[in-house]
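Keep the viewer open and try each task before you read its solution.

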Amino acid sequence: MTCLKPENAAPGETGKGGRDFNAFQDMAPRAPEEAPRETRNGARVKTNDVAPEGVYKPNYNILTPHMRSPDYVQMSTAAAITLGIMQGRMHRCACTRCLNLLLTYPEGCRANCAYCGLARHREHERDYADRNFIRVDWPAVPMAQVADIVAKDGAKSPFHRMCISMITHPRSDEDTVQVLKTWTDRVSPDDIPISILSNPTTMTRDDVKRLHEMGSDIFTVALDAATPDLFDRTRGKGVQSPHSWKKYWEILEDAKDIFGPQKFGAHIIVGMGETEHDILTLVQRLVDMGGHSHMFCFFPEKGSLMDHLPATPRDQWRRVQLGRYLIDYCGARVDQMTFDEEGRVSDFGLPRAELDTVIDAGIAFRTSGCPGKFAEDISACDRPYGDSPPSNIASFPFQPNGHDLRKIRGQLGMPKVKA
Ligand code: SF4
């Protein structure tokens, strides 16, 4: 293999200048504008102080109720449909296997990450509980009601895992503990294992320890950006956001010590301006530590500081998906792969027959994340259409079929070789 770029990439599948990857110089976020004082810190919601009445579905035409964790949490639309509190159908999916619970406050997340729909710079435009996040709405539900519904099914629940997503807020650490307690008082971690998607900026090693002692199974850190420069540009000083690469790695190291091998990991977004070599080197570093990587394909989230930028070209995404799977689950190493002058994978360093077997199995192209009850390399966290529209799927929330695999092979530039 020399260059894997398909010659007939469809419109909308390429980066700027027709490139088959998103280059650093093309992916600069807009500068955040400061919200008017009277709209900051959830002032609208707190002034109106409307009492919540059960489930709240994002609604831009009414006054958003005053909801707070630990009494309230938000959940993905897919989780709300699976839980039965929202009607709806998902393209080619009967349900989701992960119940993602997001902390909620009128003040919202106090960070300003450039790719995120929940970021602080949106506070003048939309109340926190109404903001889109990974392409979907997140209804708010009383936490006790969530736990009661799931407790009725116990181990027979469609959910294979529950995950608490922390945000950057002064109450986040304490309230995560309370949400976890409400859950474990009703649902055994043996029936439904628990993951924590942490917010390192406000956390200490003792916080990590406490969450482990309370029954959490896996601890993840949303690094999101694959290099220190990119991290600073999208989550740190570059967008007046409080996060630092150093602090994220400190908490990741704590998670390694406390949760142990295979029980910690990092989220990484592909296509924000890093090279394929950067990201697969990071994947290797995590594997060498004993952890895993969970990948997201960059999608320009509406209302975010990067909503004017191109989604990750599918050929870049597929190369990284395949490379990551080979390193994470097949014993391959980044140093046996070859990269071109743009840092793209030009050779995975494996015989073609071995690559074909992995590609045909299809798992490499499914959504990656914490495992459920099917297999170690099949994520419970399937996030249907969280990083792409159904018309051009990036992470497959189900097993790709023959048609899907032919399309994937086209995106990889690796059509099936006839025997
Ligand atoms: S800390 Fe998380 S929720 Fe908050 S803006 Fe950043 S990515 Fe979004």
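The mean pLDDT of the chain is 93, and 96% of its residues reach 70 or more; pLDDT is the predictor's confidence in each residue, from 0 to 100. This is a predicted model, so local features need pLDDT of at least 70 and side-chain atom pairs count only at pLDDT 80 or more, while totals for chains, interfaces and linings use all residues. Residues are numbered from 1 along each chain as its sequence is written.

**Exercise 1.** Find the stretch where pLDDT stays under 50.

Step 1: Look at residues 1-12, where pLDDT stays under 50.

**Exercise 2.** Work out the order of the strands in the open sheet.

Step 1: Strands are DSSP runs of E with at least two residues, and helices are runs of H or I with at least four, both numbered from the N terminus.
Step 2: Two strands pair if DSSP finds at least two bridges between them.
Step 3: Eight strands follow one another as 3-1-2-4-5-6-7-8, with mixed pairing.
Step 4: Strand 3 and strand 8 (292-297) stand at the edges with a single partner strand each, so one side of each has no neighbour in the sheet.

**Exercise 3.** Decide whether the residues of strand 5 (residues 194-198) are buried or exposed.

Step 1: A residue is buried if 20 or more other C-beta atoms lie within 10 Å of its own, exposed if 12 or fewer, and partly exposed in between, with C-beta atoms placed from the backbone.
Step 2: Five of the five residues are buried, so strand 5 is largely enclosed by the rest of the structure.
Step 3: In a regular strand the side chains alternate between the two faces of the sheet.
Step 4: Here Ile194, Ile196 and Ser198 are buried on one side, and Ser195 and Leu197 on the other.
Step 5: Strand 5 also pairs with strand 4 (residues 161-165) in the parallel sense over four bridges, and one of the partners is Ile194, which bridges to Met162.

**Exercise 4.** Locate Asp127 and list the residues that it touches.

Step 1: Go to the loop between strand 2 (98-103) and strand 3 (140-142), where Asp127 lies.
Step 2: Asp127 is buried, with 20 other C-beta atoms within 10 Å.
Step 3: Leaving out residues up to four places away in sequence, Asp127 touches Arg44, Val45 and Thr64; contact means C-beta atoms, placed from the backbone, within 7 Å.
Step 4: Leu63 is 64 residues from Asp127 in sequence, yet their C-alpha atoms are 9.1 Å apart in space.

Conventions: Two residues are in contact if their C-beta atoms, placed from the backbone, lie within 7 Å.
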